[in-house]
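This report describes one protein model, part by part. Please look over the sequence and the structure first.

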Amino acid sequence: MSASDAHDLDASFGGADPLGILATADASLAHFDAARADVERLEIPYPPSAVQNVAVCGMGGSAIAADLVAGAYSERLRVPMATIRDYRLPGWVGEDTLVVLSSYSGTTEETLTCALEATDRGALCVAFTSGGKLAERYGAEDGVPTLILPGGLQPRAALLRSLVPLVVVLERMGVIPAHAHELDEARETIAGAVEALGPSVPAASNPAKQLAGLLRGHLPMIWGGELTNAVAVRWKGQINENAKLPALVGVLPELDHNEICGFEGVAELGLRPRVVMLRDPRHHPQVLRRMDLTRALVEPHVAGVSDVTAEGEGALARMLDLVMMGDYTSIYLALARGVDPGAIDLIHRLKDGLATAPFGRTASS
(Lines give C-alpha, C1' and ligand atoms only; values in the text may rest on other atoms or scores of the structure.)
Protein backbone atom coordinates (compact mmCIF):
# COMPACT_ATOMS: atom_id res chain seq x y z
CA MET A 1 0.00 0.00 0.00
CA SER A 2 1.44 3.35 -1.04
CA ALA A 3 1.58 6.35 1.30
CA SER A 4 -1.08 8.16 -0.74
CA ASP A 5 -3.39 5.12 -0.69
CA ALA A 6 -3.00 4.84 3.08
CA HIS A 7 -3.75 8.54 3.51
CA ASP A 8 -6.90 8.27 1.38
CA LEU A 9 -8.00 5.23 3.37
CA ASP A 10 -7.46 6.98 6.70
CA ALA A 11 -9.45 9.97 5.46
CA SER A 12 -12.46 7.74 4.77
CA PHE A 13 -12.74 6.62 8.40
CA GLY A 14 -14.19 9.89 9.58
CA GLY A 15 -17.88 9.06 9.85
CA ALA A 16 -19.99 9.88 12.88
CA ASP A 17 -20.24 7.41 15.75
CA PRO A 18 -22.63 9.07 18.23
CA LEU A 19 -23.21 5.90 20.28
CA GLY A 20 -19.49 5.29 20.73
CA ILE A 21 -19.18 1.83 19.17
CA LEU A 22 -15.53 2.48 18.32
CA ALA A 23 -14.84 3.81 21.81
CA THR A 24 -16.36 0.65 23.28
CA ALA A 25 -14.00 -1.49 21.19
CA ASP A 26 -11.10 0.60 22.46
CA ALA A 27 -12.31 -0.07 26.03
CA SER A 28 -12.32 -3.85 25.54
CA LEU A 29 -9.58 -4.44 28.09
CA ALA A 30 -11.49 -2.55 30.79
CA HIS A 31 -14.62 -4.56 29.98
CA PHE A 32 -12.65 -7.80 30.18
CA ASP A 33 -11.19 -6.94 33.58
CA ALA A 34 -14.48 -5.75 35.04
CA ALA A 35 -16.37 -8.81 33.78
CA ARG A 36 -13.81 -11.16 35.31
CA ALA A 37 -13.91 -9.37 38.67
CA ASP A 38 -17.71 -9.20 38.75
CA VAL A 39 -18.34 -12.87 38.02
CA GLU A 40 -15.84 -14.00 40.65
CA ARG A 41 -18.21 -12.49 43.22
CA LEU A 42 -21.28 -14.30 41.87
CA GLU A 43 -22.56 -16.99 44.23
CA ILE A 44 -23.71 -20.18 42.50
CA PRO A 45 -25.40 -22.67 44.84
CA TYR A 46 -25.34 -25.70 42.54
CA PRO A 47 -22.80 -28.53 42.97
CA PRO A 48 -20.74 -29.19 39.83
CA SER A 49 -21.65 -32.88 40.03
CA ALA A 50 -25.29 -31.94 39.31
CA VAL A 51 -24.57 -30.64 35.80
CA GLN A 52 -25.04 -33.21 33.03
CA ASN A 53 -25.48 -30.81 30.13
CA VAL A 54 -25.55 -27.07 29.40
CA ALA A 55 -28.01 -24.87 27.51
CA VAL A 56 -27.21 -21.20 26.91
CA CYS A 57 -30.32 -19.26 25.94
CA GLY A 58 -29.87 -16.00 24.07
CA MET A 59 -30.15 -14.15 20.79
CA GLY A 60 -27.77 -12.07 18.68
CA GLY A 61 -24.92 -10.52 20.59
CA SER A 62 -26.07 -12.20 23.80
CA ALA A 63 -25.86 -15.67 22.26
CA ILE A 64 -22.67 -15.52 20.23
CA ALA A 65 -20.56 -15.67 23.40
CA ALA A 66 -21.80 -19.23 23.94
CA ASP A 67 -20.90 -20.24 20.40
CA LEU A 68 -17.44 -18.75 20.76
CA VAL A 69 -16.78 -20.45 24.10
CA ALA A 70 -18.07 -23.77 22.79
CA GLY A 71 -15.74 -23.45 19.82
CA ALA A 72 -12.73 -22.58 21.93
CA TYR A 73 -13.33 -25.49 24.31
CA SER A 74 -14.93 -27.96 21.90
CA GLU A 75 -12.34 -30.68 22.49
CA ARG A 76 -12.36 -30.18 26.26
CA LEU A 77 -16.06 -29.87 27.12
CA ARG A 78 -16.86 -32.42 29.79
CA VAL A 79 -20.62 -32.43 29.09
CA PRO A 80 -22.68 -31.53 26.01
CA MET A 81 -23.35 -27.81 25.48
CA ALA A 82 -25.83 -26.10 23.15
CA THR A 83 -26.85 -22.54 22.31
CA ILE A 84 -30.63 -22.08 22.21
CA ARG A 85 -31.86 -19.35 19.88
CA ASP A 86 -35.56 -20.06 20.13
CA TYR A 87 -38.78 -19.67 22.13
CA ARG A 88 -38.72 -23.29 23.29
CA LEU A 89 -36.21 -25.43 25.13
CA PRO A 90 -35.23 -28.86 23.81
CA GLY A 91 -36.80 -31.82 25.53
CA TRP A 92 -33.51 -32.86 27.16
CA VAL A 93 -33.35 -29.74 29.35
CA GLY A 94 -34.24 -30.74 32.91
CA GLU A 95 -33.15 -30.72 36.54
CA ASP A 96 -29.57 -31.69 35.68
CA THR A 97 -29.16 -28.97 33.03
CA LEU A 98 -27.19 -25.80 33.66
CA VAL A 99 -29.26 -23.15 31.85
CA VAL A 100 -27.51 -19.83 31.29
CA LEU A 101 -30.07 -17.13 30.50
CA SER A 102 -28.18 -14.47 28.56
CA SER A 103 -30.01 -11.27 27.60
CA TYR A 104 -28.13 -8.02 27.85
CA SER A 105 -31.31 -5.95 27.85
CA GLY A 106 -33.23 -8.42 30.01
CA THR A 107 -36.22 -7.99 27.71
CA THR A 108 -35.45 -10.45 24.88
CA GLU A 109 -38.71 -12.33 24.49
CA GLU A 110 -37.16 -15.59 23.29
CA THR A 111 -34.88 -15.73 26.32
CA LEU A 112 -37.65 -14.77 28.74
CA THR A 113 -39.85 -17.53 27.40
CA CYS A 114 -37.02 -20.04 27.81
CA ALA A 115 -36.49 -18.73 31.35
CA LEU A 116 -40.10 -19.56 32.17
CA GLU A 117 -39.73 -23.10 30.83
CA ALA A 118 -36.37 -23.63 32.51
CA THR A 119 -37.61 -22.62 35.95
CA ASP A 120 -40.77 -24.70 35.48
CA ARG A 121 -38.57 -27.74 34.79
CA GLY A 122 -36.37 -27.10 37.82
CA ALA A 123 -33.22 -26.48 35.77
CA LEU A 124 -30.05 -25.07 37.34
CA CYS A 125 -30.41 -21.50 36.10
CA VAL A 126 -27.93 -18.64 36.02
CA ALA A 127 -28.67 -15.27 34.38
CA PHE A 128 -26.49 -12.60 32.76
CA THR A 129 -28.33 -9.31 32.17
CA SER A 130 -28.24 -5.57 32.71
CA GLY A 131 -31.79 -5.53 34.08
CA GLY A 132 -35.27 -5.77 32.60
CA LYS A 133 -37.70 -8.56 33.35
CA LEU A 134 -34.95 -11.16 33.47
CA ALA A 135 -33.38 -9.46 36.49
CA GLU A 136 -36.65 -8.38 38.10
CA ARG A 137 -38.61 -11.60 37.91
CA TYR A 138 -36.05 -14.37 37.73
CA GLY A 139 -33.23 -12.73 39.64
CA ALA A 140 -35.04 -10.78 42.36
CA GLU A 141 -38.28 -12.81 42.69
CA ASP A 142 -37.27 -16.38 41.80
CA GLY A 143 -33.77 -16.24 43.25
CA VAL A 144 -31.90 -17.22 40.09
CA PRO A 145 -28.19 -16.37 40.55
CA THR A 146 -27.90 -13.25 38.42
CA LEU A 147 -24.86 -11.34 37.22
CA ILE A 148 -25.94 -7.73 36.68
CA LEU A 149 -24.10 -6.26 33.72
CA PRO A 150 -23.50 -2.52 33.29
CA GLY A 151 -26.19 -0.75 31.29
CA GLY A 152 -25.83 1.63 28.38
CA LEU A 153 -24.04 -0.67 25.93
CA GLN A 154 -25.22 -2.12 22.65
CA PRO A 155 -25.64 -5.90 23.17
CA ARG A 156 -23.09 -6.65 20.45
CA ALA A 157 -20.62 -4.30 22.14
CA ALA A 158 -21.08 -6.13 25.46
CA LEU A 159 -19.63 -9.42 24.19
CA LEU A 160 -16.82 -9.61 26.74
CA ARG A 161 -19.27 -8.84 29.53
CA SER A 162 -21.03 -12.13 28.69
CA LEU A 163 -18.16 -14.23 27.36
CA VAL A 164 -15.77 -13.89 30.28
CA PRO A 165 -18.44 -14.71 32.90
CA LEU A 166 -19.51 -17.72 30.86
CA VAL A 167 -15.97 -19.10 30.86
CA VAL A 168 -15.70 -18.58 34.62
CA VAL A 169 -19.11 -20.12 35.40
CA LEU A 170 -18.46 -23.15 33.20
CA GLU A 171 -15.13 -23.74 34.93
CA ARG A 172 -16.70 -23.42 38.39
CA MET A 173 -19.37 -25.92 37.39
CA GLY A 174 -16.82 -28.43 36.09
CA VAL A 175 -17.85 -28.12 32.44
CA ILE A 176 -14.43 -26.94 31.21
CA PRO A 177 -10.93 -27.19 32.72
CA ALA A 178 -9.41 -24.50 34.93
CA HIS A 179 -9.29 -21.27 33.00
CA ALA A 180 -7.02 -18.80 34.82
CA HIS A 181 -3.94 -19.00 32.57
CA GLU A 182 -6.11 -18.99 29.44
CA LEU A 183 -7.94 -15.89 30.57
CA ASP A 184 -4.62 -14.23 31.34
CA GLU A 185 -3.39 -14.89 27.82
CA ALA A 186 -6.72 -13.77 26.37
CA ARG A 187 -6.36 -10.51 28.26
CA GLU A 188 -2.92 -9.95 26.72
CA THR A 189 -4.37 -10.69 23.29
CA ILE A 190 -7.10 -8.09 23.72
CA ALA A 191 -4.60 -5.50 24.91
CA GLY A 192 -2.43 -6.19 21.87
CA ALA A 193 -5.37 -5.96 19.48
CA VAL A 194 -6.49 -2.59 20.82
CA GLU A 195 -2.94 -1.30 20.48
CA ALA A 196 -2.53 -2.63 16.92
CA LEU A 197 -6.00 -1.97 15.50
CA GLY A 198 -7.21 1.17 17.26
CA PRO A 199 -8.15 4.38 15.41
CA SER A 200 -4.87 6.13 16.17
CA VAL A 201 -2.97 3.49 14.17
CA PRO A 202 -2.71 4.65 10.54
CA ALA A 203 -4.04 2.48 7.75
CA ALA A 204 -0.53 1.79 6.44
CA SER A 205 0.08 -0.39 9.51
CA ASN A 206 -3.48 -1.17 10.63
CA PRO A 207 -4.76 -4.52 9.25
CA ALA A 208 -8.38 -3.81 10.25
CA LYS A 209 -8.47 -0.52 8.34
CA GLN A 210 -6.84 -2.18 5.34
CA LEU A 211 -9.36 -5.03 5.31
CA ALA A 212 -12.28 -2.60 5.67
CA GLY A 213 -10.97 -0.76 2.62
CA LEU A 214 -10.84 -4.02 0.67
CA LEU A 215 -14.37 -5.02 1.68
CA ARG A 216 -15.96 -1.69 0.81
CA GLY A 217 -18.17 -2.05 -2.25
CA HIS A 218 -18.26 -5.84 -2.05
CA LEU A 219 -20.44 -8.57 -0.54
CA PRO A 220 -18.41 -9.96 2.38
CA MET A 221 -18.25 -13.74 2.55
CA ILE A 222 -16.71 -14.88 5.83
CA TRP A 223 -15.39 -18.42 5.97
CA GLY A 224 -14.31 -20.35 9.03
CA GLY A 225 -13.46 -23.85 10.14
CA GLU A 226 -13.46 -25.59 13.52
CA LEU A 227 -12.37 -22.93 16.06
CA THR A 228 -13.17 -20.13 13.62
CA ASN A 229 -16.70 -21.25 12.71
CA ALA A 230 -18.35 -19.22 15.46
CA VAL A 231 -15.95 -16.35 14.85
CA ALA A 232 -17.19 -16.18 11.26
CA VAL A 233 -20.75 -15.85 12.58
CA ARG A 234 -19.59 -13.03 14.87
CA TRP A 235 -17.96 -11.26 11.91
CA LYS A 236 -21.16 -11.57 9.89
CA GLY A 237 -23.30 -10.14 12.69
CA GLN A 238 -20.91 -7.25 13.25
CA ILE A 239 -20.87 -6.39 9.55
CA ASN A 240 -24.68 -6.58 9.49
CA GLU A 241 -25.23 -4.36 12.54
CA ASN A 242 -22.26 -2.02 12.39
CA ALA A 243 -21.68 -1.58 8.65
CA LYS A 244 -25.34 -2.11 7.65
CA LEU A 245 -24.37 -4.58 4.94
CA PRO A 246 -25.40 -8.14 4.13
CA ALA A 247 -22.72 -10.76 4.66
CA LEU A 248 -22.56 -14.51 4.17
CA VAL A 249 -20.97 -17.20 6.33
CA GLY A 250 -19.43 -20.43 5.11
CA VAL A 251 -17.77 -23.18 7.16
CA LEU A 252 -15.24 -25.75 6.10
CA PRO A 253 -15.28 -28.60 5.35
CA GLU A 254 -19.07 -28.38 4.78
CA LEU A 255 -18.97 -25.66 2.12
CA ASP A 256 -16.74 -27.87 -0.04
CA HIS A 257 -19.68 -30.28 -0.34
CA ASN A 258 -22.16 -27.76 -1.77
CA GLU A 259 -21.45 -24.01 -1.63
CA ILE A 260 -18.30 -24.17 -3.72
CA CYS A 261 -20.35 -25.09 -6.80
CA GLY A 262 -22.34 -21.87 -6.60
CA PHE A 263 -19.35 -19.71 -7.48
CA GLU A 264 -19.68 -20.68 -11.12
CA GLY A 265 -22.82 -18.52 -11.26
CA VAL A 266 -21.59 -15.48 -9.33
CA ALA A 267 -20.87 -13.38 -12.42
CA GLU A 268 -24.34 -14.03 -13.84
CA LEU A 269 -25.91 -12.53 -10.70
CA GLY A 270 -23.80 -9.41 -10.90
CA LEU A 271 -22.39 -9.95 -7.41
CA ARG A 272 -18.99 -8.71 -6.31
CA PRO A 273 -18.20 -10.90 -3.31
CA ARG A 274 -14.94 -10.78 -1.42
CA VAL A 275 -14.00 -13.78 0.70
CA VAL A 276 -12.34 -13.53 4.09
CA MET A 277 -10.86 -16.82 5.30
CA LEU A 278 -10.46 -16.99 9.08
CA ARG A 279 -7.57 -19.36 9.67
CA ASP A 280 -6.31 -21.06 12.81
CA PRO A 281 -2.75 -22.46 12.77
CA ARG A 282 -4.08 -25.48 14.67
CA HIS A 283 -6.75 -26.42 12.16
CA HIS A 284 -6.89 -30.10 11.29
CA PRO A 285 -4.34 -30.66 8.49
CA GLN A 286 -7.13 -31.56 6.07
CA VAL A 287 -8.99 -28.34 6.87
CA LEU A 288 -5.82 -26.38 6.11
CA ARG A 289 -5.46 -28.24 2.80
CA ARG A 290 -9.10 -27.60 1.97
CA MET A 291 -8.72 -23.87 2.65
CA ASP A 292 -5.78 -23.62 0.26
CA LEU A 293 -7.45 -25.67 -2.47
CA THR A 294 -10.82 -23.95 -2.08
CA ARG A 295 -9.20 -20.53 -2.26
CA ALA A 296 -7.52 -21.44 -5.54
CA LEU A 297 -10.81 -22.67 -7.00
CA VAL A 298 -13.00 -19.69 -6.05
CA GLU A 299 -10.47 -16.89 -6.50
CA PRO A 300 -11.16 -16.48 -10.25
CA HIS A 301 -14.86 -15.90 -9.50
CA VAL A 302 -14.62 -13.26 -6.73
CA ALA A 303 -13.19 -9.79 -6.24
CA GLY A 304 -10.51 -11.19 -3.97
CA VAL A 305 -9.69 -13.46 -1.05
CA SER A 306 -8.13 -12.25 2.21
CA ASP A 307 -6.59 -14.52 4.82
CA VAL A 308 -6.78 -13.56 8.50
CA THR A 309 -4.81 -15.92 10.73
CA ALA A 310 -5.31 -16.20 14.48
CA GLU A 311 -2.36 -15.58 16.76
CA GLY A 312 -1.89 -16.92 20.27
CA GLU A 313 -1.06 -20.06 22.20
CA GLY A 314 -4.40 -20.99 23.78
CA ALA A 315 -7.65 -21.50 21.89
CA LEU A 316 -9.43 -18.72 23.78
CA ALA A 317 -6.71 -16.20 22.92
CA ARG A 318 -6.64 -17.22 19.25
CA MET A 319 -10.40 -16.96 19.03
CA LEU A 320 -10.49 -13.50 20.64
CA ASP A 321 -7.65 -12.32 18.40
CA LEU A 322 -9.92 -12.92 15.40
CA VAL A 323 -12.98 -11.49 17.16
CA MET A 324 -11.18 -8.21 17.82
CA MET A 325 -10.03 -8.01 14.21
CA GLY A 326 -13.60 -8.52 13.01
CA ASP A 327 -15.05 -5.97 15.40
CA TYR A 328 -12.66 -3.24 14.34
CA THR A 329 -12.98 -4.12 10.66
CA SER A 330 -16.77 -3.87 10.78
CA ILE A 331 -16.65 -0.49 12.53
CA TYR A 332 -14.14 0.92 10.06
CA LEU A 333 -16.25 -0.42 7.21
CA ALA A 334 -19.24 1.48 8.62
CA LEU A 335 -17.26 4.69 8.97
CA ALA A 336 -15.82 4.30 5.48
CA ARG A 337 -19.38 4.04 4.15
CA GLY A 338 -20.46 7.08 6.13
CA VAL A 339 -23.04 5.19 8.18
CA ASP A 340 -23.58 5.26 11.94
CA PRO A 341 -22.21 1.97 13.32
CA GLY A 342 -24.38 2.26 16.42
CA ALA A 343 -27.85 2.66 14.95
CA ILE A 344 -29.96 -0.49 14.47
CA ASP A 345 -33.19 1.11 13.29
CA LEU A 346 -34.68 -1.96 11.60
CA ILE A 347 -34.27 -4.06 14.75
CA HIS A 348 -36.00 -1.40 16.84
CA ARG A 349 -38.85 -1.17 14.33
CA LEU A 350 -39.23 -4.94 14.38
CA LYS A 351 -39.39 -5.01 18.18
CA ASP A 352 -41.96 -2.21 18.16
CA GLY A 353 -44.08 -4.25 15.76
CA LEU A 354 -43.81 -7.38 17.88
CA ALA A 355 -44.77 -5.43 21.00
CA THR A 356 -48.13 -4.58 19.45
CA ALA A 357 -48.94 -8.25 18.80
CA PRO A 358 -48.51 -10.47 21.89
CA PHE A 359 -47.68 -14.05 20.99
CA GLY A 360 -49.66 -15.89 23.66
CA ARG A 361 -48.33 -17.26 26.92
CA THR A 362 -45.34 -15.05 27.72
CA ALA A 363 -42.72 -14.88 30.41
CA SER A 364 -44.77 -12.16 32.10
CA SER A 365 -47.91 -14.28 32.42
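## A covered helix

The buried residues of helix 4 pack against strand 1 (53-57), strand 2 (81-84), helix 7 (159-172), helix 10 (229-243) and helix 13. Contact here means heavy atoms within 4.5 Å. Helices (H or I, at least four residues) and strands (E, at least two) are DSSP runs, numbered from the N terminus.

Buried means under 20% relative accessible area, exposed over 50%, and partly exposed in between, with a 1.4 Å probe and protein chains only. The buried residues of helix 4 include Ile64, Asp67, Leu68 and Val69.

## Basis of the values

This is a predicted model, in which local features need pLDDT of at least 70 and side-chain atom pairs count only at pLDDT 80 or more, while totals for chains, interfaces and linings use all residues. Residues are numbered from 1 along each chain as its sequence is written, and side-chain values use heavy atoms, with hydrogens and water left out.

## The whole protein

The protein has 14 helices and 9 strands. Its C-alpha trace spans about 60 × 45 × 40 Å along the principal axes. The radius of gyration is 21 Å, which agrees with the value near 21 Å for a compact globule of 365 residues. That radius is taken over C-alpha atoms, and the globule rule is 2.2 Å times the number of residues to the power 0.38.

Of the 365 residues, 53% are buried. Among contacts between residues at least 6 apart in sequence, 80% join residues at least 24 apart. The protein exposes about 15,500 Å², and carbon and sulfur atoms supply 54% of this area. Accessible areas come from the Shrake-Rupley method with a 1.4 Å probe; for residues, only the protein chains shown count as cover.

There are 30 positive and 45 negative side chains, and the centres of the two sets lie 2 Å apart. Lys and Arg count as positive and Asp and Glu as negative, with His and the chain ends not counted. Each charge is placed at NZ of Lys, CZ of Arg, CG of Asp or CD of Glu.

## Aromatic pairs

The whole structure holds 2 aromatic pairs. Rings of Phe, Tyr and Trp (its six-membered ring) pair if their centres lie within 6.5 Å; planes under 30 degrees apart count as stacked, over 60 as edge-to-face and the rest as tilted. The rings of tryptophan 223 and phenylalanine 263 have centres 5.7 Å apart and planes at 85 degrees, so this pair is edge-to-face. Tryptophan 223 is in strand 6 (residues 219-225) and phenylalanine 263 is in the loop between strand 7 (248-252) and helix 11 (266-269), 40 residues apart. Both tryptophan 223 and phenylalanine 263 are buried.

The rings of tyrosine 328 and tyrosine 332 have centres 5.9 Å apart and planes at 25 degrees, so this pair is stacked. These tyrosines are 4 residues apart in helix 13 (residues 315-337), which means a separation of about one helical turn. Tyrosine 328 and tyrosine 332 are buried.

## Two single residues

Aspartate 280 sits in the loop between strand 8 (273-279) and helix 12 (285-298). With 3% relative accessibility, aspartate 280 counts as buried. Not counting residues up to four places away in sequence, aspartate 280 touches Leu227, Thr228, Leu288 and Arg318.

Valine 249 lies in strand 7. Its relative accessibility is 29%, so valine 249 counts as partly exposed. Leaving aside neighbours within four places in sequence, valine 249 contacts Ile222, Ala232, Val233, Lys236 and Glu259.
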